[in-house]
Amino acid sequence: MKSHISFHRCLALLVCIVLTLGVSEFSARYLIPRFSSIEGRVAVEREQARSIHSSLQHRQLLIVGNSLLEASVQLTSINAAMPPGWHAKRFVIENTAFLDWYFGIKGLLESGARPDVMALMLSPKQLITNNLRGTYSAYHLFSAADSLRAGLMAGYHPTEISGLLIGHISAAYGLRTEIRSVAMQRVVPNAEVIANIFKGGRGSEFDWADSNIRHIAEARFESLQALCKQYQVQCIFLPPAEPEITDHALAASHIATAHGLESDHFLFSEPYSTGDFQADRFHMSQQGAKAYSAKLGPALASWLTHQFQ
Amino acid sequence: MFFDTPIYFIFLLAIVSAYWTLRHRGQNILLLAGSYFFYGWWDWRFLALMAGSTLADFLFAKHISSSTSASKRKLALGLSIGLNLAFLGYFKYFNFFADSLHTLLSSLGFEVSQRVLEIILPPGISFYTFQAIAYMVDVYSGRIRPSNNLIEYALFISFFPHLIAGPIQRPDHLLPQVEQPRRLDATQFSNGLMLILTGLFRKCVIADQCALIANAAFSGTLGPTNIGTVALGAYAFAWQIYGDFSGYSNIARGSAQLFGFHFMVNFKQPYLSTSIRDFWRRWHISLSSWLRDYLYVPLGGNRHGEQKTYRNLFLTMLIGGLWHGANWTFVLWGALHGAWLAVERFFDFDSDRVQHGIAKQWFKRFIIFHLVCLAWVFFRAPTMGAAASFLGGLTTWNISENFYPLFLMLSVFSIPMFGLDLLENRRSEEFLTEKSSTVIQVVFGAVLLFAVVLFSANSSAAFIYFQF
């Protein structure tokens with residue numbers, strides 16, 4: 001009798017574990033986009049990016065990047081400046097860097113996305129770093145094979161690489177940061193204040209006078225250009241706005257242009273005011289985004305007209 | 001593979017599924033192969049080291065047992081322990097002692113070139129070295145007979161649930177379990193599942209969130225140190241390390257139980273201790289009992305007068321501190337505990353003869369918890385200077401506005417853990433709901449797992465004790 005009860009308890013626990021994991025997976029896929037504004041936006045933008053198909057009458061520009069893109073580019077202003085027949089869309093995932101977007105762009109193109117132009121916006125440091133957004137990128141951006149490749153290129157341990165693969169398959173595992181963010185907001189008082197405390201600094205920039213850094217940038221731009229060329233998509237590199245143009249921004253932009261990704265055309269020398277940036281002096285404020293978009297829109301329009309006439 | 005990662009559970013599921021289809025010998029071979037795969041996954045370069053030291057100890061033990069010469073037996077024991085400690089000393093302490101010697105000589109005016117080697121610490125070496133030494137000593141003293149089966153001995157050393165961070169298993173506890181057939185017991189299996197779930201809760205929900213606060217406090221993110229920062233950092237780290245290590249121990253014990261093994265309990269609600277001596281009966285029990293039996297007692301224990309007892313207590317804890325890491329902060333942490341144990345003994349604070357009322361019991365718990373937190377500052381700080389600078393914040397009474405939201409967050413995650421400990425202590429359970437009905441246990445398990453899904457971090461914050 002006792003062994004009977006023990007067996008039933010064991011079975012009940014196993015069923016409970018499987019059911020809980022199943023419910024978690026279902027909730028992550030279908031409920032988190034409703035509870036998290038960030039996840040809702042990412043899900044919508046991802047589907048829009050994947051379903052981009054251009055034609056001679058409806059040309060498409062897809063701009064991808066991280067929070068720098070979200071803060072500095074006002075899409076309505078960009079679209080207002082677009083040449084006739086052109087439409088711009090964006091796909092933003094915060095805390096991403098080059099490896100996230102190289103494999104992300106690859107994933108988009110492999111899934112059938114065909115914009116005429118792919119524009120990537122990253123800071124010079126984000127271009128060089130090997131940092132990955134991890135399982136979040138694996139879920140939203142990478143294919144299964146690229147989850148492994150991205151982990152290897154980022155120097156991940158096999159445990160972390162296997163985590164990327166699982167994050168690609170499982171929404172509950174891939175979206176853990178967002179899930180925790182939603183949970184923390186509901187459980188911990190002042191969760192947003194606390195999140196800002198834990199954010200930490202940006203760290204120092206790479207030394208762009210170092211030839212190794214320049215070689216990394218060259219190799220990355222070459223690989224990105226080759227990838228887009230494979231799918232007959234033009235690629236451009238948008239340097240994000242800075243309070244003052246720095247040597248590394250100039251270097252990154254020149255290297256991009258020299259390797260077939262137009263960038264110099266989108267480097268604006270006019271300085272910005274203090275009010276154009278948020279307190280971190282990295283992300284633009286609404287005022288700054290308006291000013292930057294007012295420059296970027298016409299610059300994009302003139303370049304697109306010249307390239308596609 | 002960390003215990004809180006999906007790959008570990010895929011590995012565990014695969015091994016458990018195959019295990020129960022095999023007979024005893026096949027089970028041992030499977031577990032040994034799986035354990036070496038598990039270790040190689042961490043770092044394949046050290047497989048040969050572990051295999052080599054395992055073979056050497058196996059042969060030394062057989063020689064000790066078969067030899068009739070007392071001097072040869074002692075020599076074999078000395079060689080085995082020496083070899084084990086030599087490996088541990090080289091990989092873990094070479095750079096520490098070289099650096100310390102260089103600092104000392106430089107301070108005395110000697111110009112010495114410092115040679116720092118790129119030495120990588122083999123995972124788990126501190127744990128399996130102590131386990132091997134316990135085996136050799138027990139064979140020598142006749143407490144156990146040596147294993148005649150290399151596979152069984154190798155499995156005793158390398159069994160993956162305890163390989164990287166313990167609990168350090170006693171030879172007379174684990175080796176017979178390896179040598180005897182195991183049978184599938186549903187109660188043991190379900191208890192194993194619950195231990196894993198409680199372990200994941202402690203690690204992913206409690207420890208990892210407290211770690212954010214502790215890291216912010218100790219790294220200077222919260223600004224200049226003040227009394228609030230010190231309180232946040234010390235309390236948060238206290239719950240982080242407890243949740244982290246007790247969580248790991250639960251997962252290790254639970255994993256072992258899925259194979260029919262029983263591991264010794266490693267934690268018994270340590271923050272309910274009423275004395276430092278009580279603390280060491282409840283914290284990392286496998287290590288504290290190892291230090292008692294293989295260091296404190298051989299040093300003389302309490303058999304040679306009070307002065308030597310104090311010396312032995314202090315030395316044992318000093319070495320226990322050094323075992324944790326190659327840094328003077330760990331040595332000081334151990335020294336503090338050793339000193340407190342000696343003082344307690346001198347004043348007879350931990351006498352079992354005196355019955356205390358509830359108020360006095362809680363007062364003692366409060367004091368001991370804060371003494372332990374004070375010592376944790378040295379355990380956590382990267383250097384002695386950093387620890388001193390951090391504690392200097394106690395003299396600054398301005399509390400920043402960051403303190404209040406972080407203290408609330410710490411309360412949200414530490415109070416449930418404290419509550420669980422209180423209930424487990426009262427009910428004398430290894431995990432809450434151990435003695436409850438199936439329905440209650442299953443619901444509790446679901447709640448724990450759901451909390452883990454909600455709060456597990458983006459990147460796996462390593463278990464603290466994996467670095468030892």
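Predicted model: local features only at pLDDT ≥ 70, side-chain atom pairs only at ≥ 80, totals over all residues.
Let's start with the strands of chain A. Strand 1 (residues 59-65) of chain A runs parallel to strand 2 of chain A, and seven bridges join the two. If you want a spot to look at, find Gln60(A), whose bridge partner in strand 2 of chain A is His87(A). Strand 2 itself covers residues 86-92 of chain A, and five of its seven residues are buried, so the rest of the structure largely encloses it.

Strand 1 of chain A also pairs with strand 3 of chain A, again in the parallel sense, over five bridges. Here Ile63(A) has Ala119(A) as its bridge partner in strand 3 of chain A. How many of the five residues of strand 3 (residues 117-121) of chain A are buried? Five of the five are, so this strand too is largely enclosed by the rest of the structure. You can see this on both sides of strand 3 of chain A: Val117(A), Ala119(A) and Met121(A) point one way, Met118(A) and Leu120(A) point the other way, and all are buried. Next comes strand 4 (residues 234-238) of chain A, which pairs with strand 3 of chain A in the parallel sense over five bridges. In this pairing, Leu120(A) stands opposite Phe237(A) in strand 4 of chain A.

Searching the whole structure turns up two cavities of 30 Å³ or more. The largest cavity has a volume of about 80 Å³, and its lining includes Pro239(A), Pro240(A), Phe266(A), Phe268(A), Tyr272(A) and Tyr292(A). By class, that lining has ten nonpolar, no polar and one charged residues. Glu242(A) is among the lining residues of the largest cavity, and Glu belongs to the charged class.

The second largest cavity holds about 30 Å³ of space. It is lined by Leu49(B), Ser53(B), Asn84(B), Phe87(B), Ile125(B), Tyr128(B) and Thr129(B). Helix 3 (47-66), helix 4 (70-107) and helix 5 (125-141) of chain B are the elements that give two or more residues to this lining. Helix 5 of chain B contributes the largest share, three residues. The lining of the second largest cavity divides into four nonpolar, three polar and no charged residues.

Finally, the rings. Over all chains, there are 75 aromatic pairs. In one of them, the ring centres of Tyr8(B) and Phe11(B) lie 6.4 Å apart with their planes at 40°, so the pair is tilted. These two residues sit three apart in helix 1 (residues 6-19) of chain B, which means about one helical turn separates them. Tyr8(B) is buried at a relative accessible area of 0%, and Phe11(B) is buried at 9%.

Tyr235(B) and Phe369(B) make a stacked pair, with 6.0 Å centre to centre and 20° between the planes. This pair links distant parts of the chain: Tyr235(B) is in helix 10 (residues 227-258) of chain B and Phe369(B) in helix 15 (residues 358-380) of chain B, 134 residues apart. Which side of the cut-off does each fall on? Tyr235(B), at 22% relative accessibility, counts as partly exposed, whereas Phe369(B), at 14%, counts as buried.

Arg176(A) lies over the face of Tyr173(A), 4.0 Å from the ring centre, and Lys92(B) lies over the face of Trp323(B), at 5.3 Å from the ring centre.

How values were computed: Residues numbered from 1 in each chain as written. Chains lettered and ligands numbered in written order. Heavy atoms only, no water. 1 Å grid on protein atoms, 1.4 Å probe; cavity = no way out; pocket = protein on both sides within 12 Å on 5 of 7 lines; lining within 4 Å. Points joined across faces, edges and corners; volume = space filled by probe spheres on them. Helix = DSSP H or I, 4+ residues; strand = E, 2+ residues; numbered from the N terminus. Phe/Tyr/Trp six-rings, centres within 6.5 Å; stacked < 30°, edge-to-face > 60°. Buried < 20%, exposed > 50% of the residue type's maximum accessible area, 1.4 Å probe, protein only. Lys NZ or Arg CZ within 6 Å of the ring centre and 35° of its normal. Pairing = 2+ DSSP bridges.
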